[in-house]
Amino acid sequence: MRPVTTAALHRVASAPRPVPSAGGNTWAILLAGGEGKRLSGLVERIHPDHRPKQYATIIGTRSMLQHTYARALAHAAPGRVLAVITEGQERWALSQLPELPARNFLIQPRGLDTGPAVLFALAHILEREPDALALLLPCDHFIFPEPDLRRPIAEALAAIRETETGAAVLLAARPTGPRCDVGWILPGETVRKTPSLLKRVLCFIEKPPREVAESLLAEGALWNTFIMAGRARGLHRLIEKRRPEAAERMARYLALRREDAWRRELDQAYGKITPFNLSSQVLAREPEALLVAPLGAVEWNDWGTPEGIQETLASLGWSHRSAVHPPEPFHAAAGECSVPPCMATAGAPEEEASP
């Protein structure tokens, strides 16, 4: 177990508190609309109601969505938090975040990958606050210790306020090995060294083969967490530049919503938006518009796969833990790792260790 992890396990931390709404213009976007197919086998062992992974309680007593919402409240007022979900997920999302205003749940008629989901949220933000900053938070991450994430996010938001040199700042994690199931960022020249290190993005490499991952590790590349801060208008323009037809069709869909169009008309309009991945189909093609900042000693992992969970549990020494049943191997689909079913209250205090 890493020294930083051992120390944090013995530390008492307080839950994040909402920031005051006065003077703040940061909006948080919770990306919670995925189907979570890669983790469905494990989630089904814990929750037999076919819920996607973001609504599952993997560690602690809160779901991944609830942990991400608490994470957002350290930087955005509750009224400036948007949860992008997909139709059919309302029963889990609304019950898990009862304090979130109803209009802040953005319900997609169907999931179209991360690009349209972010575009949907940015359009809503720009309608309400054109000069806003946007913070993107995926809902399938493990963060430990949780309080240590607040500083790099706050510094990324501050950098966006202070500079016009980039459309967004991406937070990147220190790699623990040559993983092939995550995206990598190769940093370029240093933009500034204090109060936090900030570099330009040289290039993205999405899920490289083993030999490439080993080379990237040796070159000092970082894992892309997809936690990102930027000006809402700048991010929208960046997407519009690469996917103009998607931006146009999203604008049409939102106009129909404002006009209270028939459900069938709304579904048809949304269905005309072509799915696209924000990271690989937009950000990877615009590296010159991006900056990267390291997460430092924060332990980060993508809990979208059984492999990610297995790695975290092994790193923290929790592989043997199970709150309800003795540990049993999780029999994943062919090609996947076997993961123990960590149940409702396994692990450290949820303020410190959260997926």
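Start at isoleucine 29: in this predicted model, leaving aside residues up to four places away in sequence, Ile29 touches Leu82, Val84, Ala121, Leu122, Ile125, Ala134, Leu135, Leu136 and Leu137. That list makes sense once you look at the core around it. Ile29, Leu278 and Leu283 are the residues with the most contacts inside the largest nonpolar core, which has 51 residues. Helix H5, covering residues 114-128, gives this core its largest share, with nine residues. There's another core too, lying apart from that one: it has 47 residues, and Tyr55, Leu100, Leu149 and Trp184 are among them.

Now slide over to strand E10, residues 290-294. Four of its five residues are buried, so you'll find this strand mostly covered. What does E10 pair with? Strand E6 (residues 168-173) runs parallel to E10, and the two are joined over five bridges; to pick out one spot, valine 169 has leucine 291 as its bridge partner in E10. Strand E8 (residues 198-206) pairs with E10 as well, but in the antiparallel sense and over two bridges.

Next, find threonine 305, in the loop between strand E11 (299-302) and helix H12 (306-316). Is this threonine buried or exposed? Its relative accessibility is 5%, and because the cut-off for buried is under 20%, threonine 305 counts as buried. Setting aside residues up to four places away in sequence, threonine 305 touches Arg38, Leu39 and Asp181. Its side chain also has a polar atom 3.1 Å from the backbone nitrogen of glycine 308.

Glycine 308 takes us to one last stop. Phenylalanine 142 is 166 residues away from glycine 308 in sequence, yet the C-alpha atoms of the two are 8.9 Å apart in space. Phenylalanine 142 belongs to strand E5, residues 141-144, and at 0% relative accessibility this residue counts as buried.

Key:
Residues are numbered from 1 along each chain as its sequence is written. This is a predicted model: local features need pLDDT of at least 70, side-chain atom pairs count only at pLDDT 80 or more; totals for chains, interfaces and linings use all residues. Side-chain values use heavy atoms; hydrogens and water are left out. Buried means under 20% relative accessible area, exposed over 50%, partly exposed in between (1.4 Å probe, protein chains only). Two strands pair if DSSP finds at least two bridges between them. A polar contact is a pair of N or O atoms within 3.5 Å; within protein, one must be able to donate a hydrogen and the other to accept it, and residues adjacent in sequence count only if both atoms are side-chain atoms. Contact means heavy atoms within 4.5 Å. A nonpolar core is a set of buried Ala, Val, Leu, Ile, Met, Phe, Trp, Tyr and Cys residues joined through side-chain atoms within 4.5 Å.
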